[in-house]
Amino acid sequence: MTAIPETQKGCIFYEKHGEIFYKDIPVPKPKANEILVNVKYSGVCHTDLHAWHGDWPLDVKLPLVGGHEGAGVVVAKGENVTNFEIGDYAGIKWLNGSCMGCEYCQQGAEPNCPAADLSGYTHDGSFQQYATADAVQAAQIPKDADLAAIAPILCAGVTSYKALKTADLRPGQWVAVSGAGGGLGTLAIQYAVAMGLRVLAIDGGDEKGALCKELGAEVYVDFMKEKDIVKTIQDATNGGPHGAINVSVSEFAIAQSCDYVRPLGKVVLVGLPAGAVCKSSVFSQVVKSTEIKGSYVGNRQDTAEAVDFFVRGKVHCPFKVVGLSELPRVFKLMAEGKILGRYVLDTTK
């Protein structure tokens, strides 16, 4: 067994929107209920950008090591951990730990736990070489999995898969994915296809359109070109999609989804634009009897199912690997909307 060092490389910031330092920081010690994971790769999610900017009405810990799509190897564990062995592959998810005793945890809604501990937000996350996670919530990763490829599944995959489950659609029905060319969107398309749904993808630009079609979308609607998006979508789906998955960070796109969804349709909110409000005409919503639902990451079962789709080759996240030290550049590209799929950080660089 390799000795665990005292210090490691990590990306840390000390104030909201402050400089991100790539530097030597202490290796954390796992508590009795935690595992210590030698993070090999970490995906970069839009939430990490929000955490750095301090966009949300939920305080981040400072200083903070962000990241919550970490895939690696268990190198140490607390004395109470029974579900992981040294050498196992494990994933650091957004939900780092929860109380397991409240009404939400008891019904499998651990992300809604009032005492939830969040990786890369209230708990130092995966933008470092060694990170801790509550063993109950850490993701079990099969030993033959490609750790770089599976990293984005731990948040983008689980979140998009859970959103589709929340929409509660039947095979053969239409689902619109708004923000289809990004990390969550590209996975939502594939999970939807694997679940037997017909996909209409919405995003901007020809490059994203080609990618969406390649991943299985039947129809691509370019919001930069279409004059009347609502009519275009309703015409393409013979009356509107049965469900709409909003993974974009556009308040306007969310409002549009309430308009184009068909009667009895479900609008699922996933993306979190800063300060956004979901606007829906009360008259239209009542007469069409539509539903608007929020969907927030996923529980342990959702994670296991999302990982299983990946392991069986039904989904993959288009990704590009760069060094951990390049995180500030990745954030810049993300803020400019220039990322296709997902960036994955190699913690050795």
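## Basis

Residues are numbered from 1 along each chain as its sequence is written, and side-chain values use heavy atoms, with hydrogens and water left out. Because the model is predicted, local features need pLDDT of at least 70 and side-chain atom pairs count only at pLDDT 80 or more, while totals for chains, interfaces and linings use all residues.

## The parallel sheet

An open sheet is built from six strands in the order β12-β11-β10-β13-β14-β15, with parallel pairing. Strands (E, at least two residues) and helices (H or I, at least four) are DSSP runs, numbered from the N terminus; two strands pair if DSSP finds at least two bridges between them. The edges are held by β12 (219-222) and β15 (291-294), each with a single partner strand, so one side of each has no neighbour in the sheet. On average, neighbouring strands are turned by 20° against each other, direction ignored. Axes are lines fitted to C-alpha atoms, for helices over the stretch in contact, and angles run from 0 to 180 degrees between N-to-C directions.

Within this sheet, four bridges join β13 (residues 243-246) to β14 (residues 266-269). I245 stands opposite V268 in β14. Helix α5 (residues 183-194) packs on the sheet and touches β10 (174-178) and β11 (198-203), where contact means heavy atoms within 4.5 Å. The direction of α5 makes about 170° with that of β11.

## The β1-β2 hairpin

Strands β1 (residues 7-13) and β2 (residues 20-26) run antiparallel and are joined by seven bridges. K9 stands opposite D24 in β2. The two strands form a hairpin with six residues between them, and H17 in the turn has a positive phi of about 60°.

## A buried loop residue

T237 lies in the loop between α7 (229-236) and β13. T237 is buried, with a relative accessible area of 1%; buried means under 20%, exposed over 50% and partly exposed in between, with a 1.4 Å probe and protein chains only. Leaving aside residues up to four places away in sequence, T237 touches W174, L200 and R262.

## Packing of α1 and α11

Helix α1 (residues 46-53) packs with helix α11 (residues 327-335) at about 100°, their axes 10 Å apart. This makes α1 roughly perpendicular to α11 (65 to 115 degrees; under 35 is roughly parallel, over 145 roughly antiparallel, the rest oblique).

On the α1 side, H46, D48, L49 and W52 meet F331, M334 and A335 of α11. The contact residues divide into five nonpolar, one polar and one charged. Here Ala, Val, Leu, Ile, Met, Phe, Trp, Tyr, Cys and Pro count as nonpolar, Asp, Glu, Lys and Arg as charged, and the others, Gly among them, as polar.
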